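Student: I would like to learn how to read local features in a model. Can we take them one at a time?

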Amino acid sequence: MAVELRPPAARPEPPSRRPGLGHTLRQAWREYRSMRTALVLLVVLAAASILGSLFPQEGISPRRVDQYFGDHPALAPVLDRLGLFDVFGSAWYMAIYLALLGALVACLVPRSRALVRVLRSRPPRGGSLDRYRTRAVFDTSASPEQAIRAARTVLRRHHYRVADHPDGPDPWGPGDPEGVPRLVGELSRGGPPVSRGELAAEKGYLREASSLLFHVSLLVLLVGLAYGKGYGYRGQAAIVEGQTWANARVAYDTFTPGRFFGLTRLAPFQLRLDDFTNSFHDNNTPKEFVSRLTALDLDGHPTQSQRVAPNRPMTVDGVRIFQSDYGYVPVVRVLGKDGTELLAPQEVLTLRDPASEWSTGAVKVTRAHPQVGLELTMFTGLRTAPDCPGGAPFCNDPRLVRPVLVVLPYQGDLQADRAQSVFTLDRTRLKPLGDRPLLLGLGQSGELANGLEVSFTGLKQYSVFTLARDPGVPIVAAAAALLLGGLIPSLYLTRRRIWVRATPAGPGTTRVELAGLALQGKPAFEGELARLAQQVERGTLDAPDRST
Amino acid sequence: MSPAELATLSDTLAWLAVVSYVVAAALFGLEFSFRVGWLGPAGLAVTVAGLAANLGAAVARGLAAGRVPWGNMYEFSIIVGIVTVAGFLVWVYRRPEIRPLGVFVLLPAVLAMALGGLVFRVPAGPLVPALNSRWIVIHVAAAITGSSVLCLAAVFSILYLVKDRVERRQRAPAPPLVAGGAKTADRVEVDQAVARHAGIWDRLPSADTLDELAYRTTAFGFPIWTFAIIAGAIWAQAAWGRYWGWDPKETWSFISWTIFAAYLHARATAGWRGRRAAWLAVVGLAALAFNFYAVNTVIVGLHSYGQ
Ligand code: HEM
């Protein structure tokens, strides 16, 4: 808002022009950059965001979106077309957001210009002071010059910017209710100019300046976010204990590059997971999980080593590495009836269910005839009734106390030449093998119904990391600091103007008038003006030489 | 004392605080309705005692759990009580005449604390690893403080709306009286009727004062809330490698922040100053409450540390 501190008097209307297209456009532009537009757009943005929390969002819970499609087959496609499953990426949300940013830029330019103009000019005359609500008047025996000098001292001491408007015809004329300047010629006809002094003082420019700083920082912050997103990337990678992982796009399980991220920019390093540990509290809620990670250069020389845990990421070549998940890797070997090795000891990645802490995975023995598939469920601590709560027949202790592998065998055609998940079997051409699962403790072996021998020879863990590069972080951090630095003064400082006028009022008496106007904090300002008037009065009493 | 004893002490103190606030609210309510002089200071004394118990409950809880006492919804409810009541006391210190408004501040505070104690109570315990960071001290403390102060501001806005209605009624031209012109006596009667209709609400401080209280309180709470959101984004960046993921908690924080930003704009916009601005503050309060109760319990996200 281009704040003009003016007396509360009507200003003459500018001569009205005939409305043409240019006029209409100018009007629309003025409306667009007005406070009301900003306000309405802010409310609309808030309302639009509510939609993003009413419907499941692709970006957060894709599984719940699928479920919604299942539950509401007729409605879901319509909602999908309206972008309600991706509100924050939808075109209409973007449109509101950009309209608001546009309004912000459009309003910052005139606001800054107005502030510069105000800072360059001197606080103007006040016109007739009895029009102001906040006023103080007193009579003193000091001369008008002395009274003005005292007022100047007091106002300067309170960090007001003070402008002198010394003697001379006052173009405003006393008591003119409209405050419209009269012609000088007309004024001189009213009698000889009276000798008087006037001060105009102003304070609180910093409010507008910091408000501008706040709004500009907000823009810069959003630019920093967009820059970081556009030129950075995020990805996830799983590393098994003891393995080394190379930072290449194919090595990521998921990889989301920014729009402007060039693949050549992946930093050349490798990561080795030396060790992973997880621990639990007595009530079996998770306590800590920690990966010991070593970064290596492409020649395999270690460059740095760190314990990576939630809230404790590691930074390698500008890439931040976050602990995000973990799981178990049972090692399984399968021997044929004649003792030939059909499956050399294999590390089987399993999916961990965070609620029960049991993991599921699959083993595909393509060299067996007919082919054999094993569905694995791994318990970290298998317990059976009556050790389980609620009379359940079995349950799992999340701590790694008694790892047990439950093996459900199938035989038939694995269809291994078709793309399929590594965690599950495609059972369309498979038949159960035997009628009961195999239960294997660590180091144990068991025989399937067709004579194959399955061994649970070892157990490792894997750790899942989120790797992210965000070159916008320094911009965002600086903008956030400036934003807060601008916000606080802009809410606490108040802009106000005070006029002081001293006029002779009878022999040996000077009447001193103080009047003021505050844009904000009016109740506090009344007290301030009264205190200032007292100080000025005291100042005139202290004046050394009285001219009477 | 052992952690178990400290936890019990904390529970006792929390209920003591609730009881004190109820008593103080009753005293302020009577002072407000009947203008009895000694009730106010008595209410103030009970409020201060309740605040001391409330603080004690938080400290004991923190000692019992061996961490900062703001790790779950029960503990948040305790802190909400501290911040709103302390914020109100600061205002009473600066403007003694608003003391009877205590009834309108203490009752919501009691509601929040009782709800916390009855619905969300959990034994004192450690934090889950995802929440275990020094950022929790900063982010969560700022979030509870900022949103509690904003709630206090919204209470003032609601009172403003009530009083503004009364004042507008009183300012409205008197209804036409008997045909043939009004006698002076009739005019007085009508004025009295209007005053009676306004009832005790007329005793609220002037609408201007309430508006000022609401604005200054918002001006205090809003930067804290802003800081909380920024700190949360920094924490998310440090913990998960992204600032913002639009999970329900983040979304609703953004919504309430935006609404209070709209309120600050409305206060400087012709035609929105006053009543419309105050309604925005009420909507902001609803958004904060939804964020705290509905999002933590009903809607799932990374932030669901409710129970
Ligand atoms: C991106 C959206 C915006 C947000 C989040 C926002 C936020 C805020 C906040 C928090 C304040 C209060 C603190 C301060 O005075 O600095 C404020 C004040 C202000 N904003 Fe905005 N703003 C936005 C856009 C705009 C736009 C487009 C305009 C142009 C009309 C504008 C004009 C103002 C003015 C004039 C004030 C000062 C009000 C006063 O002096 O009380 N803002 N804004």
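Student: Where is the place of A:Pro370?

Tutor: First, the ground rules. This is a predicted model, where local features need pLDDT of at least 70, side-chain atom pairs count only at pLDDT 80 or more, and totals for chains, interfaces and linings use all residues. Residues are numbered from 1 along each chain as its sequence is written, chains are lettered from A and ligands numbered from 1 in the order in which they are written, and side-chain values use heavy atoms, without hydrogens or water. Now the case: A:Pro370 sits in the loop between strand 14 (359-365) and strand 15 (371-379) of chain A. Strands are DSSP runs of E with at least two residues, helices are runs of H or I with at least four, and both are numbered from the N terminus.

Student: What is the peptide bond from A:His369 to A:Pro370, cis or trans?

Tutor: Most peptide bonds are trans, and most residues other than glycine have a negative phi. The bond from A:His369 to A:Pro370 is cis, with omega near -10°.

Student: Which phi does A:Glu357 have, positive or negative?

Tutor: Positive: phi of A:Glu357 is near 65°. A:Glu357 lies in the loop between strand 13 (351-352) and strand 14 of chain A. A:Glu357 is also buried, at 5% relative accessibility. Buried means under 20% relative accessible area, exposed over 50%, partly exposed in between (1.4 Å probe, protein chains only). A:Asp317 has a positive phi too, of about 50°. Its loop runs between strand 10 (314-316) and strand 11 (319-335) of chain A.

Student: Which residues coordinate the iron atom of the ligand?

Tutor: Donors are N, O and S atoms within 2.8 Å of the metal (3.2 Å for Na, K and Ca); water is not among the atoms, so sites may look incomplete. Here A:His215 and B:His265 coordinate the iron through NE2, at 1.9 to 2.0 Å. A:His215 lies in helix 8 (residues 205-231) of chain A and B:His265 in helix 8 (residues 248-266) of chain B, so the pair joins two chains. A:His215 is buried at 10%, and B:His265 is buried at 18%.

Student: How do I read the angles at the iron atom?

Tutor: Ideal angles for six octahedral donors are 90 or 180 degrees. Six donors count as octahedral if opposite donors are over 155 degrees apart and all others between 65 and 115. The iron has six donor atoms with angles of 73 to 179°, and its site is octahedral.

Technical notes:
Tetrahedral: all angles 85-135°; square planar, octahedral: opposite > 155°, others 65-115°.
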